[in-house]
Amino acid sequence: LQSNGCCIGPGFAEENTEPEEETMIKIAVNLMSPSLPDFHGCSPGWSSAFYGAECFDSEVHGYMKNLGKQKPSESQNIDAKKVELEQLLMIETKNYRKTIKFYQKLLQKERRSKGPETKSMLPKLRGQLQEMKSKVQFLELVKKYIMYAEQWGVESCVLPTVIHSGRTDTVDVAPKDESSLLLYYSTEKHQCNNQNGIRVLQAGTPLGLMAYLYSRNAFLEGYVQQFLYTFRYFCTQEEFLQFLLDRISSTLSSASLDPSTSLTKICNRSFYILQAWIEDCYSVDFATNANLLCTLKEFISSKVAPLNGYGERLLSLLEDASAGKSGSARQCSIMDKCEEEGEEDRKTLHSLCKKLSEDNFNWKLSKSVGPIAQHQRERLNTISSVLPKPCYNSFTEEFPVSFAKADEVGPYLLIEYSAQQLCCQLTLLQQEVFHKCHPVHFLNSRALGVKDKCVAVQKAVSTETVSLKVCNLFLSKCVQDQYLLQLLRNADSISTWVAAEIVTCHTSKLQVSLLSKFLLIAKCCYEQRNFATAMQILAGLENLIVRQLPAWKILPAKVAEIMEELKAVEVFLKSDSLCLMEGERFKTLPTIPSAHVLAMHVQQLETGGFTMTNGAHKWTKLRNIAKVVSQVHAFQENPYTYTPDFKLQSYLRQRITRYKDADISTLAADNCANFHQIPAEKHSRKIQDTLRRMKATFQ
């Protein structure tokens, strides 16, 4: 169960006060929500793109073979398999719902009476819930296997029929065999069915890659989801849509009720692929391209709806997607690991970063032992000439509190709140921005001007003026959503805010307090797997002006060591594109990756040619890219459940907006605390010595 304590460390108990009863109710409502018959979600999901053929292991294959059999010698029947599976799934889901309700009542009873018997039952019941959840998920996986592979997939020998079924022209009517469209390489052994000589797709023409979506193995290999992430490298959205619509047009009227015929399979697979595309990529393909959406709606209304009830369902899906009800939010996980596992993961990452800092960094900061200096409340003199006029967009929206009130408070509110409290609210603000992004946003980022080390897009340049002519890996007519630029600018705003808050402190003591606070916030963030905010704070602290401040020399030694830990975290994140996906913890622990680091990993995979000498597109390269960007959806499935503090969030938004475009060097120049002070006597002695030397030269 998604308990509030499992995602955070011990110090976060006060911040995360959402009642577990509310979580139970949300879970129960989510499970009991009705759905149209035979109109389940068709999107394979991120796990299909990430795990590929490993998503359906030998257990799924073995379970499939035994479904629908009354006797071992009895032949398989797809309808019998579906009936038996639906019954099993209904029973397990019903039991799961009952157990959740019982857990909720037991939890309420434990809070009222706090009896020892109730406390001992809760962990056992939590374990039972985890087992029941695993059963339901397994049966859902088998159901997807039947729906995509067994029921509507075609053999590879039928792929030429898929291609020619949608042709309406008379040019080039000569049949093309599969070898001219797709290239394979053989593997010795496949772990799922233990067969020898399994063919794995290596490359293909755009037409061949689109046709392979209809292959029986396409879903089992994770190809469908990988294709939806990466097809823009070799075809436009209009070309892909027209390919699907042509197949539907040519097979819809002639498709029989017999599911075994090729035309019926092609027709139904076309509908499923179209639905999966809408569910998964509406925000990046249809919402940003009015012509594409209009073409699809017109086709469904005029060609599909009169002949097939599926047309009305697709139109309903489009309406829900446009209203933000579908295709934009990922379902939250129903059950998380216990608090001990979350704490163990936090300690493991902490020790890893300590080890990395010891192994990889030899430099040391000047340290002095002692407690963090206390401050006196003083009003700061703002430098209005340096700061831009407030504006609101995206991360910084309009607030009920005026900017003048935030200026009166200044940075002192940051001192009053604990690092844990600030970490929670900054994480929620970052999560709000991160959950709006899509894996496709991280593709072709060079064309948007994103470069290594820092956000290369100038702050004053709007997204509309960014040139797509340089290093554009998508087809020229392919529409690309530029939300990544907004995500990176938000990150840059937080880094600038961190630096500005520090250099505008008019006393060394206040600077030490703020430096310590930001370092502790960053440490809390990476321990809670909010790597985005942690790296943003690190970038602000590594600002050239901030690094030269005298306050670093009087920073407590233990606090100063956090800087080395943060550098070690940065090295860890840059070391491997899939480092955050290792193990099973990412499935239950909330995670926010660094957008810039992820974009750089994708750019590295994009380096080199996408086509072979014969013009075929390298699917192995595209598959690796899809695997890396799929982690965006994986992380979005597990949101943070901290209780929002709207007052603190409003203050943070205002301060970030105020300083997001500030010139740090100009801000620092008007503050004497940013300079190394020479004692008056020593300064006077230096002047006298200089005068003596000058006199000696004239004598």
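**A note on the sheet and the cysteines**

1. Let's start with a cysteine: Cysteine 524 is buried, with a relative accessible area of 10% (buried means under 20% relative accessible area, exposed over 50%, partly exposed in between, with a 1.4 Å probe and protein chains only). Cysteine 42 is buried too, at a relative accessible area of 1%.

2. A word on what you are looking at: this is a predicted model, where local features need pLDDT of at least 70, side-chain atom pairs count only at pLDDT 80 or more, and totals for chains, interfaces and linings use all residues. Residues are numbered from 1 along each chain as its sequence is written, and side-chain values use heavy atoms, leaving out hydrogens and water.

3. A disulfide is a pair of cysteine sulfur atoms within 2.5 Å, and the count by this rule is zero. Cysteine 524 is in no disulfide, as its nearest cysteine sulfur, that of cysteine 423, is 5.2 Å away.

4. Now to the strands (DSSP runs of E, at least two residues; helices are runs of H or I, at least four; both are numbered from the N terminus). Strand 1 (residues 182–187) runs antiparallel to strand 2, joined by six bridges; strands pair if DSSP finds at least two bridges between them. Threonine 187 has isoleucine 198 of strand 2 as its bridge partner.

5. On to strand 3 (residues 617–618), which pairs with strand 2 in the antiparallel sense over two bridges. Here glycine 204 partners histidine 617, and alanine 203 stands opposite lysine 618.

6. Together they form an open sheet of three strands in the order 1-2-3, with strand 1 and strand 3 at the edges. Five of the seven residues of strand 2 (residues 198–204) are buried, so this strand is largely enclosed by the rest of the structure.
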